[in-house]
Each structure stands twice: as C-alpha cells, then as structure tokens.
Amino acid sequence: MKRRPLVIAGAVLAATVLVSCSRHSPSIVDPKGTEAHKIAGVWWLMCGLAAGVYVVVAGFILVASFRGRGTVQGRPSRLGDSHFIWIGGIIVPAVILLVLAATTVNASNNLRTAEKNPLRIEVVGKRWWWAVSYPDQHFTTANEVHIPAGRPIEIGLDSDNVIHSFWVPQLGGKLDLIPGQHNVWRMKASKAGTYRGECAEYCGLQHARMNFVVIAQTPASFDTWALQHERPPSEPAGQLEANGQQVFMRSPCAGCHTIRGTPAGGTIGPDLTDVGGRRTLGANTIPNTPGYMAGWIVDSQSIKPGNLMPPMALDPKDLQAVLAYLRSLK
C-alpha cells in the first residue's frame, strides 16, 4: 500500500500536464464557450471515474500481491468469489454507466438549443478551405469566422463536395457538413480570443491542412469589422496597386475569385475582398506575409498539393503589382 501516494501523485501530475498543454493548443479541457463548458464537464466526470476505477483496481492488485505472506494457505477473505463478481463485475460498472448515461443525455439535451437574436453565419466546406458568409450583412470571407463574444451564434453548415466536419474544441463539439443536408451549429463564446478550428472528418488529400480560426471579438469591435466589410474595398490608392488590379483582372485569377466592386466574380476559389487583412493563407496553412503570398500565387501546389489553384506564370513586375493590390484589400 506504500505505492498509493505514487499513484495519486502520478494522476495529479498527468492532470497538471494536460491542463497546461491546453493553454497552448485547442483543447476541450480549456472551454471558452457555453457548449464547450458542458462537454468539458462530461469529460472531467469520465476522467474522474476512470481515475477512481484505476486506483481501486490498482489497490486490489497490491492487496492481492501482498496478501497471505508468512502463511501456508494465505489469509481467508470475508468476500467470496461470487461477491467480487456481483459487486465488481455487475453492480459497480452498472452504477458508473448509469451516471455517465444520465450526465451525457442531460448535456446532449442542453447542447445547440436555439436562443433569441442569434448572429447567422453560413459556412460551406470546400476543397480544402471554408467559405464563410454573413447573410444579414451581405458579405463573404474565407477561413476566418468573426463573431461577437457573448452573443448567440448560429452557423449553418453545408458541403459542396464530400463530408467534412466543423470542430472548434474550445467552443463546442464537432458537427458534420453533409452534401445535401443543412446542419446548424449553435454556440456562444464566453470570452474574446482567437480559437483554432479544423476539419475533423477525413476528406481527401489536404484534410490535415483544412483548418480555420474563430475570432471572438467584443461586440463593438465586431460591429466595426462587420461595417467595414459591408462596403466594397476602395479603389487602389497608388499606381502600383492600380497596375496590380489590372493584371489581376486580365489574368485567370478573376475567373476563379471574387473581389466585390470589381468585374472579378469567380466562385471556384475563396472570396478575396478582404484577403489583405486575413491572418493566414491556404486555410491556415501559411502566414499571410508578402513572401508567402508571392509563393502561393506563383506555385500553390508546392505548398498545398492537390488544391484547385494552378500555378500562375507572372513576371516579377506583375507579381509585385498583384501583391501590392491584394495586400491593400482589407
């Protein structure tokens, strides 16, 4: 029985490491949303019950290991074999499973309940990125979902190709995007911050690089962001940006991408109306810097093989002009 402190210390150490890791990566044990808090509660209950079962079983093993030392026939037990079977094999597991079942059903019934005055967002899973639309505000972006903290959110989920799965561990459980079926993910962020999301259903070659971020802002900050995006971008401010716009419009780019307020109206690739203000490119694959953007334009296949954007053969002057134009779109 001297090993029991070691077992307890190990369990405490494991829980400490788990919680500390959650501060640096998206984790269900670091909830920042109403739905995520309910899921985390169920997880901690399961973890606690599992740890309790482990300690009890380990204690029985230790008792069995040292029981009967110094005697020929061992020390008799007050409990017969049938008692161990009934208690340890039927009654205790049944109680544990009933507690888990009741907790899980209760949490499930309280998940994704509709609330008044939600912000409506539509998300469509593409190959391999996310189209994000705000139907009431009449604009579209990609791979970044901006929401106001403290307000109910309803995100409609659809796919135009295969099954994907929308998952933001710190904000809520995963929900599938199924072709021909409209699902709705409801949640409310309890704290402003940036939360990483990902596709949780294998969907093809670049499944591992089909990520996104949810940016929860203060209500005032979100209103400012939304108002800015409701208006088309202004005309190019300088000659370099103007040249870049001309190169973009006469290249195949305009046939695949949309930039509001211009002739570019393609729907194959992401809407680029605010591409200069996004944090990443390629569905959270690379940072949105001039160097990475240039590499993506010239040969995105070397960065994210299998995506639908072909290499673009631009001479250096045209490339610099297009870069200046795209980075001015915010």
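1. Helix 7 (residues 290-299) and helix 8 (residues 316-327) pack against each other at an angle of about 115 degrees, and their axes lie 10 Å apart. Axes here are lines fitted to C-alpha atoms, for helices over the stretch in contact, with angles from 0 to 180 degrees between N-to-C directions. Helices are DSSP runs of H or I with at least four residues, strands are runs of E with at least two, and both are numbered from the N terminus. From helix 7 the contact (heavy atoms within 4.5 Å) takes Pro 290, Met 293, Ala 294, Ile 297 and Val 298. From helix 8 it takes Leu 319, Val 322, Leu 323, Leu 326 and Arg 327. By class, this contact has 9 nonpolar residues, 1 charged residue and no polar ones. Ala, Val, Leu, Ile, Met, Phe, Trp, Tyr, Cys and Pro count as nonpolar, Asp, Glu, Lys and Arg as charged, and the others, Gly among them, as polar.

2. The model is predicted: local features need pLDDT of at least 70 and side-chain atom pairs count only at pLDDT 80 or more, whereas totals for chains, interfaces and linings use all residues. Residues are numbered from 1 along each chain as its sequence is written, and side-chain values use heavy atoms, with hydrogens and water left out.

3. Helix 2 (residues 34-66) has 33 residues and reaches 49 Å from its first C-alpha to its last, close to the expected 48 Å. The expected span is 1.5 Å times one less than the number of residues. Among its buried residues are Ala 36, Ala 40, Ala 58 and Leu 62. Buried means under 20% relative accessible area, exposed over 50%, and partly exposed in between (1.4 Å probe, protein chains only).

4. Some backbone values deserve attention, since most residues other than glycine have a negative phi, and most peptide bonds are trans. The bond from Arg 127 to Trp 128 is cis, with omega near -10 degrees; Trp 128 belongs to the loop between strand 1 (119-125) and strand 2 (130-134).

5. Asn 143, in the loop between strand 3 (139-142) and strand 4 (144-148), has a positive phi near 65 degrees. Its relative accessible area is 9%, so Asn 143 is buried.

6. Ala 283 also has a positive phi, of about 60 degrees. This residue is in the loop between strand 11 (280-281) and strand 12 (286-287), and its relative accessibility is 1%, so Ala 283 counts as buried.
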